[in-house]
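Q: I want to learn how to read a protein structure. Please take me through it one feature at a time.

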Amino acid sequence: MICYADRTNIGIAAPSFLPDPGDRGLILSSFFYGYILTQIPASFWAVRHGVKAVLVTGVIVWTICDVSTIFVSESIPRLVIVRACMGAGEGVVMPSLHHFAANWFPSSERSTLVAVISSGSDLGTILALFLSPCIMKWTHWTMIFVTSGGFSIVWVLVFLRHVTSKPEQHARISIQEKEYIRSTSQSSTSRNMPWSVAFGHKSIWAIYIAHFSFNYSWYVLLGWLPSYFKEELGLDLKENHFLAAFPYICGYCGLIVAGRISDHLIARGIRTLYVRRMMNTISSVFPAVFLFALKYVHTPRMAILCLSAALFTGRASTSGYWINMIDIGPEYAGQIMGVSNTIATIPGILGNLITGYILKQTNNWAIVFDVAAGVSLFGGIVFALFSTDRNVFQKKEKEYTSFLEEI
């Protein structure tokens, strides 16, 4: 939650000190220069040092860098460096959380519980869209980063006291509960990653491509939606923060609903693979339709309705490709996430640069959303064709089922 609140704040504050869309695109993309570097290392750090130590270190690093934005706001080169370092700190989060999920979450409740922890990204964005415009209205944009820094300090203190990396390390849960968790989940392993499988199996590449495609749309919306509201729809976020946050509230609801439905369908005997493909198809096709429809919308309320529908359906991806990383290799869940999120960080760089370029050259938001819709649709098709629910690390290449058998 704090991670995404801090990440969203720059999109809200940036127009106050970066009026040029090209500069904004450069600064928004610079976050991902650092973010991409720590994905794979973090997956191994989490195994070696524990999720708790890695997450606390990441929060401290990105908080220092986030607050430093205040002091370097007048220098583009320094802003690039600070935002890149912040990205490096946040880069440890997703691989660590996948390790945490593999260690803690029983398979029968996995979709719901992964949806709950993933909902922090939506809640963080909602918090930023509600709180940050009010802070700007009452004080100054710099206080956005000071406030975020304070929240991070509180989080670190609470996390250090109440959370452990593994169930067996926790002093306040019963032995019976520990045994239940251990018997129904698979802990991440410290064994060497089978890289030939991680980079050579078509079902893992289906995850990578789906992740890449989803992130293109997600990062464009995350970074540029405040500008779209202000410049295209004429909405002042200081006065209309609920309307600005509403699409992300819908995204949060969609995330939780998709998780509950997925677990319910699997409990009724529907094969996990079919549930994952269904949810991922929903998360790619429907957002593409709603983003494409934005060009035909001419009122702020209808535009927000389309964006809300896109995020509500799009967040079903957490019960699609996202949790499928745990399905196909629970013992390497963090490493798979590290590789996948490294690849999926590329659209964070390219998407922001491309969006900034499109707006600078054409000032046409329809093109921005059309590109995002096309990329989203492509990822959904690939995942529907090539995904699996089998543990691909427990098979030798010659034992893999044929393409027709898997679909």
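Q: Let me start with one residue. Which helix does Phe 286 lie in?

A: Phe 286 lies in helix 13. Keep in mind that this is a predicted model.

Q: Is Phe 286 buried, partly exposed or exposed?

A: Look at the relative accessible area. Under 20% is buried, over 50% is exposed, and partly exposed is in between. Phe 286 has 41%, so this residue is partly exposed.

Q: Which residues make the nonpolar surface patch?

A: To be in a patch, a residue needs over 30% relative accessible area and no salt bridge. Here Val 285, Phe 286, Val 289, Leu 377, Ile 381 and Leu 385 make a nonpolar surface patch of about 480 Å². Two elements give two or more residues to the patch: helix 13 (272-293) and helix 18 (365-386).

Q: Why do residues three or four places apart in an α-helix point the same way?

A: An α-helix has 3.6 residues a turn, so residues with that spacing point the same way.

Q: Now a covered case. How many residues of helix 16 are buried?

A: Helix 16 spans residues 333-343, and eleven of its eleven residues are buried. Among them are Gln 335, Ser 340, Asn 341 and Thr 342. Ile 336, Met 337, Val 339 and Ile 343 are also on the buried list.

Q: Next, a glycine. Where is Gly 120 found, and is Gly 120 buried or exposed?

A: Gly 120 is found in helix 7, residues 110-138. Its relative accessible area is 9%, so Gly 120 is buried.

Q: Which residues does Gly 120 touch, beyond its sequence neighbours?

A: Contact means heavy atoms within 4.5 Å. Leaving out residues up to four places away in sequence, Gly 120 touches Met 1 and Tyr 4. Gly 120 and Ala 5 are 115 residues apart along the chain, and their C-alpha atoms are separated by 9.1 Å.

Q: How many salt bridges does the whole structure have?

A: Look for a side-chain nitrogen of Lys or Arg within 4 Å of a carboxyl oxygen of Asp or Glu. The search finds five salt bridges.

Q: What is the salt-bridge partner of Asp 66?

A: Arg 83 is the partner, at 3.1 Å from N to O. Asp 66 is in helix 4 and Arg 83 in helix 5 (residues 76-90), so the pair ties together parts 17 residues apart in sequence. Asp 66 is buried, and so is Arg 83. For Asp 66 the relative accessibility is 1%. Beyond its sequence neighbours, Asp 66 touches Asp 6, Arg 83, Met 86, Phe 145 and Ser 148.

Q: Which residue forms a salt bridge with Lys 360?

A: Asp 20 does, with the closest N and O atoms 4.0 Å apart. This pair links distant parts of the chain, 340 residues apart. Lys 360 is in helix 17 (residues 346-362), and Asp 20 is in the loop between helix 1 (2-17) and helix 2 (21-35). Lys 360 is exposed at 52% relative accessibility. Asp 20 is partly exposed at 26%.

Q: What about Asp 389 and Arg 271: how far apart are their closest N and O atoms?

A: They are 2.9 Å apart, in a salt bridge. Asp 389 sits in the loop between helix 18 and helix 19 (403-406), and Arg 271 in the loop between helix 12 (241-267) and helix 13, so the pair ties together parts 118 residues apart in sequence. Asp 389 is buried at 16% relative accessibility. Arg 271 is partly exposed at 23%.

Q: How many disulfides are there?

A: Two cysteine sulfur atoms must lie within 2.5 Å. The count comes to zero. Take Cys 65: the nearest cysteine sulfur, that of Cys 85, is 4.8 Å away. Cys 65 is buried, with a relative accessible area of 12%. Cys 85 is partly exposed at 35%.

Q: Last, the inside. Which residues touch the most other members of the largest nonpolar core?

A: A core is a set of buried nonpolar residues joined through side-chain atoms. The largest one has 107 residues, and Tyr 228, Phe 229, Tyr 248 and Leu 291 touch the most other members. Helix 11 (residues 202-232) gives the largest share, 16 residues. Beyond its sequence neighbours, Tyr 248 contacts residues including Asp 122, Trp 218, Leu 225 and Leu 311. A second, separate core has five residues, including Leu 265, Val 275, Met 279 and Ala 316.

How values were computed:
Residues are numbered from 1 along each chain as its sequence is written. This is a predicted model: local features need pLDDT of at least 70, side-chain atom pairs count only at pLDDT 80 or more; totals for chains, interfaces and linings use all residues. Side-chain values use heavy atoms; hydrogens and water are left out. Patches are made of residues with over 30% relative accessible area and no salt bridge: like charges are joined within 9 Å, nonpolar side chains (Val, Leu, Ile, Met, Phe, Trp, Tyr) within 5 Å. Accessible areas come from the Shrake-Rupley method with a 1.4 Å probe; for residues, only the protein chains shown count as cover. Helices (H or I, at least four residues) and strands (E, at least two) are DSSP runs, numbered from the N terminus. Buried means under 20% relative accessible area, exposed over 50%, partly exposed in between (1.4 Å probe, protein chains only). A nonpolar core is a set of buried Ala, Val, Leu, Ile, Met, Phe, Trp, Tyr and Cys residues joined through side-chain atoms within 4.5 Å.
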